Amino acid sequence: MLAKSLAILLLLPLIAVGTGCACPSGGCVPGTPYAPCPSEMAEVDESPPDLVELVCADCELTPLPSPTETFQLLDAATCQCNAATNANLANMVELERHWAKVIIGCDTKNVRKNLCLDRDLLALHASGLRNASAASALEAFYQLAGLEAQEHFLLQGIGETERTLGRADRLQTEGLALPRAVDRSEIQSKLSELRDQKLQLDFLRIQLNGQLQKLVGCPLDEHTFYWPQVDWEPDLTPLDVEVELADGLSTRSDLRGLSLVMRNLEKSTLPIARGVLKFADSTLGSVEPIEGLIHTARCYPCYKQEVPIRCRQLSMFYRETEKLATGEIKSAVYKVNLQRQRVVVAQQNVQELRGRLYELEKTRDVNDVTIFEISNLRGRLYEGESNLITQLVSLKLAEVTLRKSQGFLALECGFEPRLCCE
């Protein structure tokens, strides 16, 4: 009886942590921690606290890092090609490709053929990684350029709104009524909104500079800021969808890789084919002759049956990949053409606002135009100019997306895969 009680006591810690079963002879699986559901009930006051009273208005706040008078100059080509060259994962793949080249001469003919094909696929994969890295760098580059340009108009808008608020306060101090269309609370809200935009802009600048530093291969430093040198004049020539599609399909590394495997498919390259098919789905290429039966006469014909099956699967994979690539490139072309139209619309809006402001200032005394009307129109003009910058940046980003989908970005930097099996 005593022995039975001791056994129960020894099992109690295991039951408490919820193992649910006895330990197997090979060792114990540790129990997982458990926290009970909270069960305390109470009535709550649904009204929120007065946050204005809780926030300290006079507290000393730490400003975000901001640029000084000097910047590091960076142009688009340097940004693109530095990122392509310093793509860490691509360089790791290149080392794998070099190792395949080293051992090619150390094995049988069939193994050498596999390694040659594998080496070419690694070269194409590295090119695709460099292409993606260059695209990421250019996206951050143009976003940062747009941010720096927009800050100019944002600061002008803040200054104009502060002056308008000061005029309204002076009129009220002098006991004069504000014009009917002027609401001081709206002016104050607008000023708070613009100041909040400035804070968000400062934070985004730090993020984009950090991304660029990593991608172009520079040390991370939140106190060093790039100044993107951008040619803002847009190319508004419409793109031909079919021409861009034909160019892109001929250079994409994924299509070249699949085509390469199909053209070199035979019994000796079946391991490569199986590995490539796994990119479409993990279950593909998983069925192969069992190791112990490979040399038996009964299993030898399996390879003859596997080659046409893999060929069919690769063809289906290629067609599906080509469809996806076609949709990606066409969508990118249409986005560029659309964005060019949006740039024109934004430019026309700015021209109209400038003309309207000029007319108001010119006829101010004749038509009894208040300074508040002129100030309001100036604010709208600054917003319009900022929107024009936004549309130009979106156009640059659309063009980067198109060149990325075509696989051009790495090629433009000299990273042309040299293939021995193509």
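This is a predicted model: local features need pLDDT of at least 70, side-chain atom pairs count only at pLDDT 80 or more; totals for chains, interfaces and linings use all residues.
Q: How many helices and strands?
A: The protein has 13 helices and two strands. These are DSSP runs numbered from the N terminus, H or I of at least four residues for helices and E of at least two for strands.

Q: What is the volume of the largest pocket?
A: About 920 Å³. A pocket here is an open set of points on a 1 Å grid over the protein atoms alone, where a 1.4 Å probe fits, with protein on both sides within 12 Å along at least five of seven lines; lining residues have an atom within 4 Å of a point. The volume is the space filled by probe spheres set on the points, which are joined across faces, edges and corners.

Q: Which residues lie nearest its centre?
A: T161, K190, L194, G379 and E383, out of 39 lining residues. Two or more residues each come from α5 (109–173), α6 (184–216) and α12 (371–406). The largest share, 13 residues, is from α12.

Q: And the second largest pocket, what is its volume?
A: About 570 Å³. It is lined by 18 residues, with L121, H125, D254, V276 and F279 closest to its centre. Here α5 gives the largest share of the lining, seven residues.

Q: Which residues touch the most other members of the largest nonpolar core?
A: C79, F141, Y142 and L212, in a core of 39 residues. Such a core is a set of buried Ala, Val, Leu, Ile, Met, Phe, Trp, Tyr and Cys residues joined through side-chain atoms within 4.5 Å. Its largest share, 16 residues, comes from α5.

Q: What does L212 touch?
A: Leaving out residues up to four places away in sequence, L212 touches L74, C79, A137, A140, F141, L144 and Y226. A contact means heavy atoms within 4.5 Å.

Q: Which residues does the second core include?
A: That separate core has 21 residues, including V333, V336, L377 and L381.

Technical notes: Residues are numbered from 1 along each chain as its sequence is written. Side-chain values use heavy atoms; hydrogens and water are left out. Buried means under 20% relative accessible area, exposed over 50%, partly exposed in between (1.4 Å probe, protein chains only).
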